[in-house]
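Let's take a walk through this fold together. Have the model open and turn it as we go.

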Amino acid sequence: MIDPTSTPSDLPRLTDPVVVVAFEGWNDAGDAATGALEHLELIWDAEPLAALDPEDYYDFQVNRPQVSLVDGVSRRIEWPTTRISVARKPAGGERDVVLVRGIEPNMRWRGFCAELIGILQELDVSTVVALGALLADTPHTRPTPVTGSAYDDESARRWGLQSSAYEGPTGILGVFQDACVQAGLPSVSFWAAVPHYVSQPPSPRATVALLRRVEEVLELDVPLGALPDLADQWVKQVDEMAADDDEVVEYVRSLEERATETDLSQADGDQIAREFERYLKRREQ
């Protein structure tokens, strides 16, 4: 692994790389987004490239380092940080995929974004895909809603997304995406909605939903492994939990009715056409 203090010149040359990024914390309900990144790291056997020096960005009383034993003898300190790895041309793909997984920093967000973007520019990345998850009034009995947006018109047109019109508090994902656009890096984001009444991690169903959108941007199949089975088990467990409480059953029913009304109101011709185009792309791969 490249030392976090190494210079950008130590970074390798990559093939038309695209970036997928997620951060723990406010942006990561149910650990759905970082769960997606961790899955990609494992299935693609990602090679570590670099890590940011945590001393500059993290409060260790908030995000404490972890002590572990190596071979049951020597002790090792694992510091909270943001790590960068690369998957070399995953099966079915013609480009490298840079994976960025970290923790929302406690301080110096602008410096954090500038350092991270500097590394990505040195790697000559072409597109940034940011993954997030939020708690929402959505029923667990329906497919996980995923909203996609872009901060610049060019990316919105290219990926068939809406330009972001959100106003209000944001996390490091929103700040980082804006910094990417300011630096000339096209960036899109996908947010999975996690039912707020089952917010405890993991959320495999939301993780699968995010990986499906990653497939669309990367234009390759992402092996899901055991995730679909875990998602089915998750639904069954939530069903069993809800069945023991009449108030929860009624609340879920009301969310289902509201979701049905929303689905019908949004099922316009443009949306149907976009979904059909995504379906055809997956069939052709």
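A quick definition to get going: a residue counts as buried when its relative accessible area is under 20%, and as exposed when that value is over 50%, with partly exposed in between. Keep in mind that this is a predicted model.

What is Thr34 in contact with, leaving aside its neighbours within four places in sequence? The list is Ala22, Phe23, Glu24, Asp28, Arg101 and Gly102.

Now for the sheet. It's an open one of 8 strands, in the order E2-E5-E6-E1-E7-E10-E8-E9, and the pairing is mixed. Strand E2 (47-51) and strand E9 (162-163) are at the edges with a single partner strand each, so one side of each has no neighbour in the sheet. Further in, strand E5 (residues 83-87) and strand E6 (residues 97-103) run antiparallel, joined by 5 bridges. Arg83 faces Arg101 in E6 there. Helix H4 (residues 172-182) lies across strands E1, E7, E8 and E10, at about 165° to E10.

Next, look at the hairpin made by E3 and E4, with 3 residues between the two strands. Asp71, in the turn, has a positive phi of about 60°. E3 pairs with strand E4 (residues 74-78) in the antiparallel sense over 5 bridges, and Gln66 stands opposite Glu78 in E4.

Val67 lies in strand E3 (residues 66-70). At 45% relative accessible area, Val67 is partly exposed. Together with Ile77 and Trp79, Val67 forms a nonpolar patch on the surface, with about 270 Å² of accessible area between them.

Definitions and conventions:
Residues numbered from 1 in each chain as written. Predicted model: local features only at pLDDT ≥ 70, side-chain atom pairs only at ≥ 80, totals over all residues. Heavy atoms only, no water. Contact = heavy atoms within 4.5 Å. Patch = residues over 30% accessible without salt bridge, like charges linked within 9 Å, V, L, I, M, F, W, Y side chains within 5 Å. Areas by Shrake-Rupley, 256 points an atom, 1.4 Å probe, with all protein chains shown as cover. Salt bridge = Lys/Arg side-chain N within 4 Å of Asp/Glu carboxyl O. Helix = DSSP H or I, 4+ residues; strand = E, 2+ residues; numbered from the N terminus. Buried < 20%, exposed > 50% of the residue type's maximum accessible area, 1.4 Å probe, protein only. Pairing = 2+ DSSP bridges. Axes fitted to C-alpha atoms, helices over the stretch in contact; angles between N-to-C directions.
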